[in-house]
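The following note sets out some local points for a colleague to check against the model. Each point may be read beside the sequence and the structure.

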Amino acid sequence: RSKIPEGERIGFLGIHSESDYVEDKTVVFSSEKSGLGMLELGRYGPHRRIDVKDNLHFCFKNFIFDFEPSEWSYGVSDQRLGRDQAIDITDDATGEVHSLARQSTPIYVNEVGNNKKLHCNVDIRHTDECAVYYYIFIDKDHAMKSGDQVELLVDYGEAYEDVRERKGYGKDNNEILGGDFDDDAARLKRNFVDREMAQLDIHDLKLFDMYYLVEYLTNDVLAPIDLRIRHGHMHGQAESFTRLSKDVIARQRMHWLKIYFQRRLKEMMTNPDPNDELLIRSMRVGGKEMVRTIEKSLLTWDFAMLPDIFPFLNTVPIGGNKTLQDVIFHELSEEMLYFVASKLPDPLNRTVWSKISIDLTESTTRDIARYFVYCKEPMLTRVQILGKQLLENAKNAANKVREACSIVNTGSSSLSRDAAIDKLSLHSLSRKMKKKDIAPSGSLINVYANDLNIDYGAAATIADIQAYQDAVELGYLEPYFNPCSSRRLTDTK
């Protein structure tokens, strides 16, 4: 070893140099080969003590930051003080991967998802300390020659499916949920479930849980968000439009959560749970410091600065001719639609509502948000102005219905008739069919238990049209076009 210059030593022991080896291009690398094995990529997490979180704290942080932290977290079986834990390598102030984790290679490894053409070559290993390490594992079927390059891919399994759906490549994106996360109906359906889960978690809180949860969210999440928003408003610019967009959503979600926390706290005091020992004890001795601290903290969750920063938000573009005002309108509209979900089910779904109905819903929620967030008039005046605007919206929608019906009934040009039908009709609940199944392939099926054999693709098309007709009949509806004869078969493709 001493005979080899220090800079030329290779290997763990440093007893060899490159000149000791002879190049052999026929040699391949496989982790399954004798004498070889897996290559450690490094530690995925945790990196800091605070990366190990109470699962309740993580769930609310995850909701506030629109579920970005869930992309970088995992659950563990170990408990602390009888409570479930989560490993979270994102910053509490932003919901993004923190700086220390960014120095670790594993976070840059993509996953195979549901793509069967991709091959997993990275193995995940857990240690007794809840830590996760990534290892490269090249099997013999994918052995690598000198100079070969391959993308490192990991498989997170079924536990990651919720994240895949939100990012648009889950199994059910096009089959059940009706689209990727950018599809308004699919997004709304997911977010309604998330809001309901947050409400249920709040409803089950005891005093101890609420105290430390509110303390964590106030100090570690809310404070830095408020600071960034105020800084951007004061200086008339944002360091990052994407960051400010996330902050505005997070801030509004904390404002929304405040209502349910306050409601739960009032319920605690009015009808105390006999199993909540800390609450019962504090009420007996007359000490309600924890309750008062929670009440004081929740007051800071009010998004009081929103009316003041509203004009500024309209100056921050986010692409597609939209501004940050559109972001907050989107969030406020979702809150309103969630509130009336029992009376207005699935409000943006084209299989339930016509395009005219959805346009009316969106314009209505936007106007309500605008008048109650930004309008400076007294409340009574605001209500009167809003009432006139809502009536105007209804009038415009009714005119669109009359206009579309007139086009359909008078048989105008096929283009305008198709557009009118699209405004009035619902989209059928059609399943996804592959092109190779629709094209004639020689494969036949007996559809009516007689001598009639037809192609599988034709049978699927017939079944889809029949499903449409059944839906029309069951709903006592009069179809605006007949998919069996109309030249436009958009809804039965």
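1. L13 is found in the segment that precedes β1 (28-29). In this predicted model, L13 has a relative accessible area of 53% and is therefore classed as exposed, the cut-off being over 50%. Together with F12 and I15, L13 forms a nonpolar patch on the surface. The accessible area of F12, L13 and I15 together is about 400 Å².

2. A cis peptide bond joins G45 to P46, with omega near -5 degrees. P46 belongs to the loop between β2 (39-45) and β3.

3. β3, β5 and β4 form an open sheet of three strands, in the order β3-β5-β4, and the pairing is antiparallel. The edge strands are β3 (52-54) and β4 (73-80), each of which pairs on one side only. From one strand to the next, the twist averages 40 degrees. As a general point, strands of a sheet pair through backbone hydrogen bonds, in either a parallel or an antiparallel manner.

4. Between β4 and β5 (residues 83-88), the antiparallel pairing extends over six bridges. Which residue of β5 is the bridge partner of G75? The partner is A86.

5. F67 lies in the loop between α1 (55-64) and β4. Its phi is near 65 degrees, a positive value in a residue other than glycine. Is F67 buried or exposed? F67 is buried, because its relative accessible area is 15% and the cut-off for buried is under 20%.

6. V122 has I136, in β8, as its bridge partner. The hairpin of β7 and β8 has five residues between the strands, and C130 in this hairpin adopts a positive phi near 70 degrees.

7. S245 is placed in helix α6 (residues 241-270). With a relative accessible area of 14%, S245 is buried. Which residues does S245 touch, if those up to four places away in sequence are not counted? The contacts of S245 are with L324 and V327.

8. D346 is located in the loop between α10 (324-339) and α11 (355-373). Phi of D346 is near 45 degrees, again a positive value in a residue other than glycine. The relative accessible area of D346 is 24%, and the residue is partly exposed.

Notes. Residues are numbered from 1 along each chain as its sequence is written. This is a predicted model: local features need pLDDT of at least 70, side-chain atom pairs count only at pLDDT 80 or more; totals for chains, interfaces and linings use all residues. Side-chain values use heavy atoms; hydrogens and water are left out. Two strands pair if DSSP finds at least two bridges between them. Helices (H or I, at least four residues) and strands (E, at least two) are DSSP runs, numbered from the N terminus. Axes are lines fitted to C-alpha atoms, for helices over the stretch in contact, and angles run from 0 to 180 degrees between N-to-C directions. Patches are made of residues with over 30% relative accessible area and no salt bridge: like charges are joined within 9 Å, nonpolar side chains (Val, Leu, Ile, Met, Phe, Trp, Tyr) within 5 Å. Accessible areas come from the Shrake-Rupley method with a 1.4 Å probe; for residues, only the protein chains shown count as cover. A salt bridge is a side-chain nitrogen of Lys or Arg within 4 Å of a carboxyl oxygen of Asp or Glu. Buried means under 20% relative accessible area, exposed over 50%, partly exposed in between (1.4 Å probe, protein chains only). Contact means heavy atoms within 4.5 Å.
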